[in-house]
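Hi everyone, thanks for making time this morning. Let me put the structure up on the screen, and then I'll walk you through some helix packing.

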Amino acid sequence: MKSLQSRYRVQRAVKLFIVVNTVCVLVPLFLILYHVFTNGIGAVTMAFFTEELGSPTRAMRGEPTGLVHTIIGTFVLDFTALIISLPFGLGAGMLLSEYPDHPLNAFLRIMTDTLNGMPAVLKGLLAWALVVKPMGGFSGIAGGVALAFVMLPILARSTESALMNIPWSIREAGLAIGLPRWRVVLSVVMPASKSGLVTGGLIAFARAAGEAAPLLFTSFGNNYLPNRWTGWFFGPVDSLPQRLYSLAISPYKAWHEMGWAAGLVLIVLVMLSFAVAKFFARERTS
Amino acid sequence: MQPKDTAPMKTMKTLKKYVYGSLGDTLFLWTIVALSITIIACTIVMAFTLYGDGAPAFREFGFLGFLKSNIWDPGSRIQFGAAPFIVGTLVTSIVSLLISFIPALSIAIFTTEYAPRWLQSLIDNFVNLIAAIPSVIIGLWGIFVFVPWMRENVYMPVYMWSVESAPQLLAILGNPIGYGMTTATIILALMILPYTTVLAAHAMMKVPKEQREAAYALGATKWEVIRMAVIPYARAGILAGSMLSFGRAIGETMAVAMLIGNKNTLPFTIFGAGSTMPSVIVNEFREAVENMHLSSLMAVGFQLFIISLAVNLLAAYIQNKFSVTGGQSA
């Protein structure tokens, strides 16, 4: 047995190592946030939310340009994706939690996790093959489908865990007053787990809002507002992450600044979604 | 007043009787089964689509030939091989996992074992926030902050030193432009670190208090408690978490595509440019006009699918096999 003295020495050394390590890693992570905020805040002007991007010459001449079409596009794509994926995600979540003995469950769980672990770029390729190729062009719908593949597994697993939080006794109470099982699920269990479901939806939304890779070859991007509202769904649509990518790799200084601003807006959007999700989650536990 | 029993009323009533009987439940179950099968189908269709669209490339160059060949030339020779991207993907993700594992574990240990309550929740929230930052934003930061900094403070000094004192090293150092394998790997390590941390902390938080108290009662120091009581108990979660982070690193696309330099040859140099499987898909897919080029990119996608699948299944296996509770979540 080593002496107590040396054991304490080891324990102090380890503590020092851990603290130093923690600080060393947290600093660069903090710098990412710091730089996005300081560089982005200057470029977020009123025009940023009201003007469209247009050609690079506009920005180089100093005319007001903005990303209004990009911000709207992000919401259009994300809500399309949410609407597409919601029924499937809810359905799978219900099967997993309400019918725990169903023979499909083990396989469904594995496949859902597999889909969740798949790189988003592959989901873009799938949407390209299923939607862009048959439709013959890039479209908002294709982007929505690609993001729906991103949301699906998150929604399924979050629905499952939200419904699981409802005690079985509540279901039994519903069954005891003679309600059929489907009615118990839809009218008793679902409303009771509302905050959990909302949390899951917001997290899926936030995850999809940050994805650029699957959109590059599905919704493609667009420097202008579409002419008609159908253009949001059947024409190429811009979105924040994907526009951010093309602004960052563009050769124009004015566009770089706009890239920082886009980054700031995107981070704020994602953070807001998480904050609201957290608020709902807290409401559930209290 | 009772409504009169008209004919449509009657059908409504019988319908209601059926829907509120066993038929309703059967219908409901079948509906959600159908919805669930769609999710299963997504994964299977993904595999088949990627394989189907990649099949021409596999036929042309042979499955193993496509895997092993390191010539990727969509311009003149129209010849494709995925080896540079497979090597690039594996090297960046394995190295980033190796360099991020200890720091990630350190943060997890610090927050669960050492930090006071307020600091713990502060760091937890911060790490969760960082984990949620979209990949493109990390890429943006990399391009405008990290790459210039690395070039000025790391690459150029090493390169200049090598020019003066060790010219034989220049061949393996490569071009110090700032974009390349090393930059991408460090950024990847920073990106997967929060995931590993969150999952490890999660596993360590599940360790029962009695487990710790028992070790303290035997006279263990704090570190000995962590080493003998906490880490062994949480090892399944920690390992599975790092496997999942590894999977993330393999699939990480935007930040890598923005920082790795995108060169379609085997990465022989330390500073030099390279490519990964997701980055080549993102960079070339929109510009692929040749059918064989498109098919080859799909084939790369299929191989990426297989690798991700293997890593995910391995993570699930570790979680089940090495967990103290034998797979049941405690």
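**Spans, helices and contacts**

Let's start with residues 86–315 of chain B: the end C-alpha atoms of that span lie 20 Å apart, and the span is 80% helix and 0% strand. Helices here are DSSP runs of H or I with at least four residues, strands are E runs of at least two, and both are numbered from the N terminus. In UniProt, an unreviewed entry annotates residues 86–315 of chain B as "domain: ABC transmembrane type-1". UniProt positions are given in the numbering used here, feature names are shortened, and annotations may be inferred rather than shown by experiment.

A word on the ground rules, friends. This is a predicted model, where local features need pLDDT of at least 70 and side-chain atom pairs count only at pLDDT 80 or more, while totals for chains, interfaces and linings use all residues. Residues are numbered from 1 along each chain as its sequence is written, chains are lettered from A and ligands numbered from 1 in the order in which they are written, and side-chain values use heavy atoms, with hydrogens and water left out.

Staying with chain B, the unreviewed UniProt entry lists several stretches as "transmembrane region", including residues 266–285 and 297–318. Residues 297–318 of chain B are 100% helix and 0% strand, with end C-alpha atoms 31 Å apart. Residues 266–285 of chain B, on the other hand, are 40% helix and 0% strand, and their end C-alpha atoms are 20 Å apart.

Chain A has "transmembrane region" annotations from an unreviewed UniProt entry too, among them residues 108–131 and 184–206. The 108–131 span of chain A is 92% helix and 0% strand, its end C-alpha atoms 24 Å apart. For residues 184–206 of chain A, the figures are 96% helix, 0% strand and 31 Å.

Now the packing. How do helix 7 (residues 140–164) and helix 10 (residues 194–209) of chain A cross? Their axes come within 9 Å and cross at roughly 155 degrees. Axes are lines fitted to C-alpha atoms, for helices over the stretch in contact, with angles from 0 to 180 degrees between N-to-C directions. Helix 7 and helix 10 of chain A are therefore roughly antiparallel; angles under 35 degrees count as roughly parallel, over 145 as roughly antiparallel, 65 to 115 as roughly perpendicular and the rest as oblique. Residues in contact (heavy atoms within 4.5 Å) include A:Leu147 and A:Ile154 in helix 7 of chain A, and A:Gly200 and A:Phe205 in helix 10 of chain A.

Next, helix 6 (residues 120–135) of chain A comes within 8 Å of helix 7 of chain A, axis to axis, crossing at roughly 140 degrees. That pair is therefore oblique.

Helix 6 of chain A also meets the other chain: its axis and that of helix 2 (residues 22–61) of chain B come within 10 Å and cross at roughly 75 degrees. That makes helix 6 of chain A roughly perpendicular to helix 2 of chain B. Among the residues making this contact are A:Trp128 and A:Lys133 on one side and B:Met46 and B:Asp53 on the other.
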